[in-house]
Amino acid sequence: MEHIFKEGNDKNAPTFLLLHGTGGNERDLLPIAEMISPNASVLGVRGNVLENGMPRFFRRLSEGVFDEEDLVFRTKELYDFIEDMSKKYHFDRGNVLAIGYSNGANIAASVMYHYQDALAGAILLHPMVPLREVEIPDLKETPIFIGAGLNDPIIPKAETTELVDALKAANGIVTEYWGEAGHQLTREEIVKAKQWYNDNF
Ligand code: MLT
């Protein structure tokens, strides 16, 4: 997968796995990573699927309706990629924190839905339920931050709440931030994510 890796000064910090939204690329979330912690190593990844020229991490049939077969396939592709990159760049595979926005948050959630011990933590910004009728592995108190907008035109509040409940039921420790905004990221939610990061890592 297309990617960028930047080694950080703090070898004990988690490596940030950056997963962009639809139409983004591996560099999009670098400023967010810098705000959360400037010292962490960063692996920014570009989704392998193209929708009208816009990179994504998996195919969708329409807005909010996912191609589940492709989602499962792409989730494994990303999971294997993290493993390969940890060997290539010598970072601790057991200490990876995903930072995903929108489509990137959805594949990060899908990684947690499918693979045990895949992530040491996750910042999911404007995520949806990646898929239903999956038994989520025990998340063993993995800290998860979820940022959402009360006026998000793409994601109804009940969808985010369903995701929160599913992650909690699998023993994730979920912290929620609800802003007034829509689907876009806000400085306020990144400030809250940074506080959460400082409290947990
Ligand atoms: C998705 O397709 O993953 C979500 O609908 C959000 C988006 O990326 O537009």
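Ala, Val, Leu, Ile, Met, Phe, Trp, Tyr, Cys and Pro count here as nonpolar, Asp, Glu, Lys and Arg as charged, and the others, Gly among them, as polar. The structure is a predicted model, in which local features need pLDDT of at least 70 and side-chain atom pairs count only at pLDDT 80 or more, while totals for chains, interfaces and linings use all residues. Residues are numbered from 1 along each chain as its sequence is written, and side-chain values use heavy atoms, with hydrogens and water left out.

By these classes, the shell around the ligand has three nonpolar, five polar and two charged residues. The surrounding residues, each with a heavy atom within 4 Å of the ligand, are Thr 22, Arg 56, Phe 58, Arg 60, Gly 64, Phe 66, Ser 102, Asn 103, Asn 106 and Met 128.

| Residue | Distance to a ligand oxygen |
|---|---|
| Arg 56 | 2.8 Å |
| Arg 60 | 3.2 Å |
| Asn 106 | 2.8 Å |

Taken alone, the ligand exposes 260 Å², of which the protein buries 96%, with accessible areas coming from the Shrake-Rupley method with a 1.4 Å probe.

Elsewhere, helices are DSSP runs (H or I, at least four residues) numbered from the N terminus. The axes, lines fitted to C-alpha atoms over the stretch in contact, of helix α2 (residues 68-89) and helix α3 (residues 103-114) come within 9 Å and cross at roughly 85°. The two helices are therefore roughly perpendicular to each other, a term for angles of 65 to 115 degrees.

Note on methods: A polar contact is a pair of N or O atoms within 3.5 Å; within protein, one must be able to donate a hydrogen and the other to accept it, and residues adjacent in sequence count only if both atoms are side-chain atoms. Axes are lines fitted to C-alpha atoms, for helices over the stretch in contact, and angles run from 0 to 180 degrees between N-to-C directions. Angles under 35 degrees count as roughly parallel, over 145 as roughly antiparallel, 65 to 115 as roughly perpendicular and the rest as oblique.
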